[in-house]
Amino acid sequence: MSWEIADFISHPLWMVSTLLLAAVTRAQRRGPWDPSACPVRLTGKTAIVTGANTGIGKFIALDFACRDARVILACRSESRGMAALKEIRQRSGNQNVHLRIIDTSSLESVRKFAAQILEEEKELHILVNNAGVSGLPKGITSDGLEVSFATNHIGPFLLTNLLLDLLKKSAPARIVNVSSANHKRGKVDFSHFRGENLTCIMDTVYNHTKLHNVIWTNELARRLQGTGVTANSLHPGIVMTEVMRHYNWIVRLIFNIVGICFFKSAKEGAVSTIYCAVAEETEGISGKYFDSDCSLVLPAPDARDLAIGAKEFEYLSKTVNCEDCELSEPILETLSMMWLFINLYTSVDHEETVGGWPLVLQHFHSCVLMAE
Ligand SMILES: NC(=O)c1ccc[n+]([C@@H]2O[C@H](COP(=O)([O-])OP(=O)(O)OC[C@H]3O[C@@H](n4cnc5c(N)ncnc54)[C@H](OP(=O)(O)O)[C@@H]3O)[C@@H](O)[C@H]2O)c1
């Protein structure tokens, strides 16, 4: 029997094996943690989700609403936000869901949003920085910032800092920053914040912003130790949302065709964020990076570098000109300096009154130089 190519391609075995592969892939898309099996209730808790009108953010907000939280949808479009508000209220049966307007790419808008929250809300227990863009052409905002950096990183940094006191007051509280596995392909160059030395090909800028998300989260977690506020970042998976809207139609077409079988739905993409924000398993965990299946994984080496983390905070604080930012820990620094000083003083020979104090100061000076 001779086989033609057409016979081979049209053989029913192809159809069966493709369906089988799709079924296996679909089953594997679900992680081991199931939000619907998580009994945690959020009654009396307040949560903010940025970019909650569509995609992953909408399902995060819906989950919080189903757990009876007071949910604030932080969206940039009134009409898109209102549509999501109606849908979430209807699907959850929770009327305590509200819309507030924010454009994370504008520092003025972020400040206005934060001021409104501080005026209206007595407590804040969950802040999810989810809003993000990918594939935007290079642009500079009226604040002089590169637009993708402003949207994905600098705006969320300012927002978090402005709400930090409220979060601390409401502790235990959780900050969850939606990053991406793409952060591993990002690079750190602080001149990127203002659009300098930046090459915009495909998702390069996006990758940089997502790396900065993880670096900042880890540094924030370090600074929040002992406050009862945790900060973690995560990868939601490759998710079928509107995230590709700024790419050309060919890229979007390929993404959508491949995505039908292999990528997560927006609901599935929300799982790792919900895990970080509400699960009992993540209570008290801070400064970590979670994969889309909710497992703890190591982020890129730059995100684990304490010196880069410290620089990140310094640059961001200067960039947003933030007086409220937790720039340094002056009390801790003063205490550790005093401790160092006392140790040095007790370690030198005080019998020689002439050599004693200058020697202490000399030791002190060299220790400070070493620390720097
Ligand atoms: N989808 C994926 O495969 C994937 C993978 C890794 C990480 N992520 C991350 O997951 C997060 C959610 O993405 P998604 O996939 O759900 O994308 P999406 O469907 O495009 O949703 C993005 C959300 O962010 C909002 N947003 C964008 N720019 C904003 C701004 N300047 N101010 C306020 N809100 C703004 C959008 O509002 P409008 O609708 O008004 O534009 C929308 O609500 C993003 O941080 C993204 O980087 C996604």
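Biologist: How are Ile126, Val128, Leu127 and Asn129 of β4 placed, and are they buried or exposed?

Modeller: This is a predicted model. Ile126 and Val128 point one way from β4, whereas Leu127 and Asn129 point the other way. Whichever way they point, all of these residues are buried.

Biologist: Which residue of β5 is the bridge partner of Asn129?

Modeller: Strands of a sheet pair through backbone hydrogen bonds, either parallel or antiparallel. β4 and β5 pair in the parallel sense, over 4 bridges. Within this pairing, the partner of Asn129 is Asn177.

Biologist: Which residue of β4 stands opposite Ile48?

Modeller: β1 and β4 run parallel and are joined by 3 bridges. In β4, the residue opposite Ile48 is Leu127.

Biologist: In what order do the 8 strands lie in the sheet, and which are the edge strands?

Modeller: The sheet is open and its pairing is mixed, with the order β3-β2-β1-β4-β5-β6-β7-β8. An edge strand pairs on one side only. The edge strands are therefore β3 (97-101) and β8 (296-297).

Biologist: What is the bridge partner of Ile175 in β6?

Modeller: Strand β5 (residues 173-178) pairs with strand β6 (residues 229-234) in the parallel sense, over 6 bridges. The partner of Ile175 in β6 is Ala231.

Biologist: At about what angle does α3 run to β1, and at about what angle does α7 run to β6?

Modeller: Helix α3 lies across β1 (46-50), β2 (70-75), β3, β4 (126-129) and β5. Helix α7 (residues 204-223) lies across β5, β6 and β7 (289-290). The angle is about 170 degrees for α3 to β1, and for α7 to β6 it is about 160 degrees.

Biologist: Why is helix α10 (residues 271-278) said to be largely enclosed, and what covers its buried residues?

Modeller: A residue counts as buried if 20 or more other C-beta atoms lie within 10 Å of its own. In α10, 8 of the 8 residues are buried, so the helix is largely enclosed by the rest of the structure. Among them are Val271, Tyr275 and Val278. The cover includes α3, β4, β5, β6, α9 (266-269) and β7.

Biologist: Are Asp68 and Cys294 buried or partly exposed?

Modeller: Most residues other than glycine have a negative phi, and most peptide bonds are trans. Asp68, in the loop between α3 and β2, has a positive phi of about 75 degrees, and Cys294, in the loop between β7 and β8, has a positive phi near 75 degrees. Asp68 has 16 C-beta neighbours inside 10 Å and so is partly exposed. Cys294 has 21 other C-beta atoms within 10 Å and is therefore buried.

Biologist: Which helix gives the most to the shell around the ligand?

Modeller: There are 30 residues around the ligand, and Gly51, Gly55, Gly132, Ser180 and Thr241 come nearest. By class, this shell has 10 nonpolar, 16 polar and 4 charged residues. The helix giving the most, with 3 residues, is α3 (residues 55-66).

Notes
Residues are numbered from 1 along each chain as its sequence is written. This is a predicted model: local features need pLDDT of at least 70, side-chain atom pairs count only at pLDDT 80 or more; totals for chains, interfaces and linings use all residues. A residue is near a molecule or strand if its C-beta atom, placed from the backbone, lies within 6 Å of it. Helices (H or I, at least four residues) and strands (E, at least two) are DSSP runs, numbered from the N terminus. Ala, Val, Leu, Ile, Met, Phe, Trp, Tyr, Cys and Pro count as nonpolar, Asp, Glu, Lys and Arg as charged, and the others, Gly among them, as polar. Two strands pair if DSSP finds at least two bridges between them. Two residues are in contact if their C-beta atoms, placed from the backbone, lie within 7 Å. Axes are lines fitted to C-alpha atoms, for helices over the stretch in contact, and angles run from 0 to 180 degrees between N-to-C directions. A residue is buried if 20 or more other C-beta atoms lie within 10 Å of its own, exposed if 12 or fewer, and partly exposed in between; C-beta atoms are placed from the backbone.
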